[in-house]
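Please load the model in your viewer and keep the selection panel handy. We will go from stop to stop, and each one tells you what to select and what to look for.

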Amino acid sequence: ATTIASHGLASLAPRMHMRRLLSLAIPSPPAPRLLSTRVTRSGRFLSSVNAQAASPSSAASFPRHPKQLTVALQRARTTEEVLTLHARYGRAFNQVNLAACWSRLGRIGRAEPDFEEQLAELRLQTLESVGEWGDHGLSNLVHALAKLRLSGAEWQPLWLAAERTALAQVSSFEAQATSNTAWSYAKARRRAPELFDAIAAAAPARLRAMSPQALSNTAWAYATARHPAPALLEAIAVEAAPRLGEFNTQALSNTAWAYASAGHAAPRLFDALAAEATRRLPDFSPQGVANIAWAFATARHPARPLFDAIAREAPARLSSFREQHLSNLAWSFAIAPTSAVSTAPALFDAIAAAAVPRLGEFTPQGLTNLAWAYAEVAHPAPELYEAIGHRIGTAPERHPTSC
């Protein structure tokens, strides 16, 4: 009996040691006390949880480990995992934990139909403390709200509170937070003129520290928000032009799109963009090709080598172009200055061949823009004209939107 008992105690020792190690990684207080429980539309239980542990000793021990909790949030793979951590430990979350929670949710993306309902407790807790957050947490928060498309009436107080807090601090924001905040308010279509003015005043001093993506995103934000900021756009153009080799192809096309959309003349930047885009055109996505052509045509900036390269490169890839890409590409070649493009007959032949079997998928605006482009360059495409004639009977307009 003694031998059996001793053997049993010995076999328990490794498991006890493992439990001790696990308890040091992320403390696990007893099950939290529920404040309320309701059922979402999908039938799942959604609990608003008081994460204060039943045991005073364990409740006191948990807040000493916010870094481990941030690591756990960063490793969460699903929305459910993130919200489970918040349900268990939410009362112990500090600002860094809340910001990490939002950042992770933004990376994971929207999930279920009742997604916004599941965020109710997190939204309310964030609203209580966001007035004290710093630039990193604020920019992560609004970035997540924008990516998750959280803009309904219940989210307005949080957006406004974040805006007020950012306004008070934006003069001391770091470069990445400055860019992310502008991008987020533009992406969410939030009207925030005071904040955009404050960012425009503060950002030029931080441009040297911005990454290529941040420079592109900042220009994109002001063009998308349609918020005038000529001094900022000029400063970005000066900073970006010699660094375009560091930009990825999407950043190149987005930068060109931003300046064309904003109507901001930046000839040196466009010259540099044309040279870089021509060199790297095979790496551009279909949308990138269409957008870069649209930007140069809209800006009326001559770029003959770029348009010639597009005319050579694009025909073999048109099967992967969406309908709007085809329409905008044709429009761009038709509207560009005559000195900037050749007639590109092979390209127009290829666009017509790609468009005819897909005309049912074009929007009415896309069809009118396509028809106008072919009429403008007087390119013979009888099958295309006949197919379009079955679809529309109005005169085409000549102002497409970008991709």
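In which loop is Arg149 found? Select Arg149 and you will land in the loop between α8 (135–147) and α9 (156–169). Keep in mind throughout that this is a predicted model. Check the backbone here: Arg149 has a positive phi of about 55°, although it is not a glycine. Most residues other than glycine have a negative phi. Arg149 is also exposed, with a relative accessible area of 55%.

**Zoom out: the whole chain**

Now colour by secondary structure. The chain comes to 21 helices and two strands. Of its 403 residues, 50% are buried. Among contacts with a separation of 6 or more, 73% link residues 24 or more positions apart.

**The loop between α16 and α17**

Next, select the loop between α16 (286–298) and α17 (304–313), where you will find Pro302. Arg300 is in this loop too. Arg300 has a positive phi of about 55° and is not a glycine. At 44% relative accessibility, Arg300 counts as partly exposed. Pro302 is partly exposed as well, with a relative accessible area of 47%. Draw a C-alpha to C-alpha distance from Pro302 to Asp271: the two are 8.7 Å apart in space and 31 residues apart in sequence.

Move on to Ala272, which lies in helix α15. Ala272 is partly exposed, at a relative accessible area of 21%; the cut-off for buried is under 20%. Which residues does Ala272 touch, not counting those up to four places away in sequence? Show Ala241 and Leu244 to see them.

Now show helix α14 (residues 249–262) together with helix α15 (residues 267–280). Their axes come within 11 Å and cross at roughly 145°. The crossing of α14 past α15 is left-handed. To display the contact, select Thr249, Leu252, Thr255, Ala256, Tyr259 and Ala260 on α14, then Leu269, Phe270, Leu273, Glu276 and Arg280 on α15. Sorted by class, this contact has seven nonpolar, two polar and two charged residues.

**One face of helix α4**

Select helix α4 (residues 79–89) and show the side chains of Thr79, Val82, Leu83, Leu85, His86 and Tyr89, which are buried. Why do these residues line one face of the helix? Look down the axis of α4: its buried residues fall within an arc of 150°, so they line one face.

**Last stop: the core**

In soluble globular proteins, nonpolar side chains tend to be buried together. Here, the largest nonpolar core has 125 residues. Pick out Trp102, Phe296, Ile310, Leu329 and Leu370, the residues with the most contacts inside that core. Leaving aside neighbours within four places in sequence, Leu370 is in contact with Leu326, Ser327, Ala330, Ile351, Ala355, Leu359, Phe362, Leu384 and Ile388.

Methods
Residues are numbered from 1 along each chain as its sequence is written. This is a predicted model: local features need pLDDT of at least 70, side-chain atom pairs count only at pLDDT 80 or more; totals for chains, interfaces and linings use all residues. Side-chain values use heavy atoms; hydrogens and water are left out. Buried means under 20% relative accessible area, exposed over 50%, partly exposed in between (1.4 Å probe, protein chains only). Helices (H or I, at least four residues) and strands (E, at least two) are DSSP runs, numbered from the N terminus. The arc is that of the directions from the helix axis to the C-beta atoms. A nonpolar core is a set of buried Ala, Val, Leu, Ile, Met, Phe, Trp, Tyr and Cys residues joined through side-chain atoms within 4.5 Å. Contact means heavy atoms within 4.5 Å. Axes are lines fitted to C-alpha atoms, for helices over the stretch in contact, and angles run from 0 to 180 degrees between N-to-C directions. A crossing is left-handed if the near helix is turned anticlockwise from the far one by less than a right angle, and right-handed if clockwise. Ala, Val, Leu, Ile, Met, Phe, Trp, Tyr, Cys and Pro count as nonpolar, Asp, Glu, Lys and Arg as charged, and the others, Gly among them, as polar.
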